[in-house]
Amino acid sequence: MKRQVIETADGSKTLFIPDMNEQYHSVNGARTESEYVFLKQGYLHHSSESVVVFEVGFGTGLNALLTALKAEEQKRPTKFISIEKYPIEVSEIQNLNYGKQISEKADVLFKKLHDAAWNETTKISDYFTLHKIQADLKLLSFDNYEHFDVIYFDAFAPDKQPQLWEPEIFERIYNACNEGAIFVTYSAKGVIRRQLATTGFVMERLPGPPGKRQMLRGTKLS
């Protein structure tokens, strides 16, 4: 899969796939989008003292990096489980600037996240462990993992990767969540909101990050 490194509006970089005409993050700001959609509306919205995060689409590792930094800042034990079918290449990782843009500590953590072995649990810092799964989400058995508190649904857009936005996948994720779990995604499509609501999540539309009018958040109630 051919990918190009491009710079987004906030100075952070992302990857662009010409054949799909799709990028990994918003061109209006990769870091800005991740901090708003996944950290602010997901990770920080959940009130537990410790948290298990499940991410669909490890991608560039940006969401994991920002979560690891926040876990350290808050001294909040965090287990981060992320699935990715097509990991990016070492050369692509080296051309991303997330760590350098934030701090020396972030740069060290970013390298650790990408150096961590696939399909194993790795302690990245005192408050953050990472388990990267190289697999197809449609074939993943959730029975092998703890139940989740926060879901980062960061797959490519529904019109680009429709097989990952199917009701069956949402239902399996819902069943793998603890009560009170938070599901966040940058997508605000009506059909996605309705599918998630049918699964059982109580859905709300929120203002979106720069360049997007809205996003979705769901909560698993008792």
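Reader: Which residues of helix α7 are buried?
Author: This is a predicted model. In α7, residues 190-199, the buried ones are I192, Q195, L196 and T199.

Reader: How wide an arc do they cover around the axis?
Author: Only 95°, so they sit on the same side of α7.

Reader: What covers the buried residues of α7?
Author: The cover includes α6 (167-175) and β9 (177-185). It also includes β10 (202-207) and β11 (214-219).

Reader: What happens just after α7?
Author: G200 takes a positive phi there, about 140°.

Reader: Back to α6. At what angle do the axes of α6 and α7 cross?
Author: Roughly 45°, and the axes come within 9 Å. That angle makes α6 oblique to α7.

Reader: Left-handed or right-handed crossing, α6 past α7?
Author: Right-handed.

Reader: Which residues make the contact?
Author: From α6, P167, F170, E171 and Y174. From α7, I192, Q195, L196 and T199. Those four α7 residues are its buried ones.

Reader: And how does the contact of α6 with α7 divide by class?
Author: Five nonpolar, two polar and one charged.

Reader: Staying on α6: is I173 buried or exposed?
Author: I173 lies in α6. Its relative accessible area is 0%, so I173 is buried.

Reader: What does I173 touch, leaving out residues up to four places away in sequence?
Author: V56, F142, I151, F153 and F183.

Reader: And how far is I173 from L140?
Author: They are 33 residues apart in sequence. In space it's 10 Å, C-alpha to C-alpha.

Reader: New topic: α2 and α5. How do they pack?
Author: Helix α2 is residues 62-74 and α5 is residues 104-115. They pack at an angle of about 125°, with axes 10 Å apart.

Reader: What does that make them, oblique or parallel?
Author: Oblique to each other. The crossing of α2 past α5 is right-handed.

Reader: Which residues make that contact?
Author: On α2, A64, L65, A68, L69 and E72. On α5, K105, A106, L109, F110 and L113.

Reader: How many of them are charged?
Author: Two are charged in the contact of α2 with α5. Eight are nonpolar, and there are no polar ones.

Key:
Residues numbered from 1 in each chain as written. Predicted model: local features only at pLDDT ≥ 70, side-chain atom pairs only at ≥ 80, totals over all residues. Heavy atoms only, no water. Axes fitted to C-alpha atoms, helices over the stretch in contact; angles between N-to-C directions. Helix = DSSP H or I, 4+ residues; strand = E, 2+ residues; numbered from the N terminus. Parallel < 35°, antiparallel > 145°, perpendicular 65-115°, else oblique. Left-handed = near helix turned anticlockwise from the far one by under 90°. Contact = heavy atoms within 4.5 Å. Nonpolar A, V, L, I, M, F, W, Y, C, P; charged D, E, K, R; others polar. Buried < 20%, exposed > 50% of the residue type's maximum accessible area, 1.4 Å probe, protein only. Arc of directions from axis to C-beta.
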